[in-house]
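I opened this notebook to record what I looked up in one structure. The entries are brief and follow the order in which I consulted the model.

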Amino acid sequence: MTSNWLDTLEREAAGLLPPDVYAWAAGGSGFEDALKRNRSAWSRITLRPDALVDVSRVDLSTTLLGERFDAPLAIAPSGYHGLTHPEAERATADGATKSGSLMVLSSRASLRLEEIGLPSGRWWFQSYVLKDRALTEQMVVRARALGARAVVLTVDAPVLAPRRQSRNSALVPQAVLEVNTGPVTDPEMLEPAPDLTERDIAGLHEISGLPVVVKGVLRGDTARRCVDAGAAAVWVSNHGGRQLDAAVSTADALGEVVDAVGADTEVYVDGGISTGVDALRALALGARGVFVGRPVVWGLAVNGATGVADVMNRYVEELVLAMRLCGRSQVSALGRDLLG
Ligand SMILES: Cc1cc2nc3c(=O)[nH]c(=O)nc-3n(C[C@H](O)[C@H](O)[C@H](O)COP(=O)(O)O)c2cc1C
């Protein structure tokens, strides 16, 4: 198999990180079938390039929830950046700003939200609904005050599946686990609520006053329920193969979700996006935004803020190239006619 810059970057990160931290970030659940399937499913999608189209100028700009961005590529939430870089989420936020990318900050951050220096209006806050719902509420209220433009509610983790490196608590000190909640008497209160339902979508919207994006949707009917319950957008994800190991790949789920919600609701996707061509495949299937998880973690580990910006810029360059090769000069011109 040939390897690209991303495989090289991951190997470099693997060489720098403590083995258990690398395993935690790289790993998936079970046999890691969903993890592998995410990547291979994108490669299976062939394209029908158009020709004789002027591609001397390519414009990737788009809007996500009404906010203008230079490209439809963005940073998926991942926890505890302090494990991979001493500057933690501060470096990631800096890298996002440098590359003009939207960053979704994980509620499982290593730093207090107030210490991260997030660019007001250019970031979204990922939240679980915790067993102690009051803890969730105080975090989303703080995120809004700090300029978060949306709450991303992760719904594919009503319980956490065992992973290659299973427990956060083995890697992350208790003080960091509690950095954004304050000390808890019962650590169980920091676990996701297994009784999470679509009622929580409206609840989070009400408390935060922000649009709610539902992350972790893999079926059209679930997506519809989200929209009916007031979701502003849905995000096709299987948590990077870290939850249900038998889960369908995101490439295979995306079309059904796009068709179910219709053109008025934005659909995002993540999972195994390894090149700009994968991003084009996702956009052609109807995704509005394409999110990148582990590659950003590898960039952060290897070169901090610059590493994060380099990764995002690489995807942008590759997407521009892929668009030229497909005969398309604008993101809005990407559609299913390109799919082979
Ligand atoms: C190390 C790591 C930590 C993650 N932490 C979170 C998290 O805190 N909240 C969340 O919604 N998703 C989390 N995810 C899932 C990502 O947001 C995303 O869905 C997944 O990584 C995308 O797949 P990719 O890594 O193949 O790009 C995490 C993923 C990884 C690899």
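**Entry 1. The chain as a whole**

I note at the outset that this is a predicted model. I began with the secondary structure and found 12 helices and 10 strands in the chain. I then looked up the extent of the C-alpha trace, which spans about 65 × 45 × 40 Å along its principal axes.

I next asked how the radius of gyration compares with that of a compact globule. For 340 residues such a globule would have a value near 20 Å, and the chain has 19 Å, so the two agree.

I also looked up burial and surface. Of the 340 residues, 57% count as buried. The accessible surface of the chain comes to about 14,200 Å², and carbon and sulfur atoms hold 53% of it. As for contacts with a separation of 6 or more, I found that 73% of them join residues 24 or more positions apart.

**Entry 2. Helix α2**

I turned to helix α2, which covers residues 19–26. Is this helix enclosed or open? I found 6 of its 8 residues buried, so α2 is largely enclosed by the rest of the structure. The buried residues are Val21, Tyr22, Ala23, Trp24, Ala25 and Ala26.

**Entry 3. Two residues with positive phi**

I looked up Glu32, which is located in the loop between α2 and α3 (33–44). Its phi is positive, about 65°, although Glu32 is not a glycine.

I then looked up Leu65, in the loop between β1 (62–64) and β2 (67–69). Leu65 is not a glycine either, and its phi is positive at about 50°. Its relative accessibility is 26%, so Leu65 counts as partly exposed.

**Entry 4. His81**

I found His81 in the loop between β3 (73–75) and α4 (88–99). Is His81 buried or exposed? With a relative accessible area of 4%, His81 is buried.

I then looked up the partners of this residue. The side chain of His81 makes a polar contact of 2.8 Å with the side chain of Ser78. Leaving aside neighbours within four places in sequence, I recorded contacts of His81 with Ala88, Glu89, Thr92, Ser110 and Leu300.

**Entry 5. Leu244**

I located Leu244 in the loop between β8 (233–236) and α10 (250–261). Its relative accessible area is 58%, and because exposed means over 50%, Leu244 counts as exposed.

Which residues does Leu244 touch, not counting those up to four places away in sequence? I found Ser29 and Ala34. I also looked up the C-alpha separation of Leu244 and Gly28: it is 9.3 Å, while the two are 216 residues apart along the chain.

**Entry 6. Gly271**

I looked up Gly271 in the loop between β9 (266–270) and α11 (276–285). Gly271 is buried, at a relative accessible area of 9%.

Residues up to four places away in sequence not being counted, Gly271 touches Asn38, Trp42, Thr250 and Phe291. The C-alpha atoms of Gly271 and His239 are separated by 7.2 Å, and these residues are 32 apart along the chain.

**Entry 7. The ligand and its shell**

Which of the 21 residues around the ligand come nearest? I recorded Pro77, Ser106, Thr154, Asp270 and Gly272. By class, the shell around the ligand divides into 6 nonpolar, 11 polar and 4 charged residues.

A polar side-chain atom of Lys215 lies 3.0 Å from a ligand oxygen, and a polar side-chain atom of Ser237 lies 3.2 Å from a ligand oxygen. For Gly293, a polar backbone atom is 2.9 Å from an oxygen atom of the ligand. Last, I looked up how much of the ligand is covered: taken alone the ligand exposes 610 Å², and the protein buries 96% of that.

How values were computed: Residues are numbered from 1 along each chain as its sequence is written. This is a predicted model: local features need pLDDT of at least 70, side-chain atom pairs count only at pLDDT 80 or more; totals for chains, interfaces and linings use all residues. Side-chain values use heavy atoms; hydrogens and water are left out. A residue is near a molecule or strand if one of its heavy atoms lies within 4 Å of it. A polar contact is a pair of N or O atoms within 3.5 Å; within protein, one must be able to donate a hydrogen and the other to accept it, and residues adjacent in sequence count only if both atoms are side-chain atoms. Accessible areas come from the Shrake-Rupley method with a 1.4 Å probe; for residues, only the protein chains shown count as cover. Ala, Val, Leu, Ile, Met, Phe, Trp, Tyr, Cys and Pro count as nonpolar, Asp, Glu, Lys and Arg as charged, and the others, Gly among them, as polar. Helices (H or I, at least four residues) and strands (E, at least two) are DSSP runs, numbered from the N terminus. Buried means under 20% relative accessible area, exposed over 50%, partly exposed in between (1.4 Å probe, protein chains only). Contact means heavy atoms within 4.5 Å. The radius of gyration is taken over C-alpha atoms; the globule rule is 2.2 Å times the number of residues to the power 0.38.
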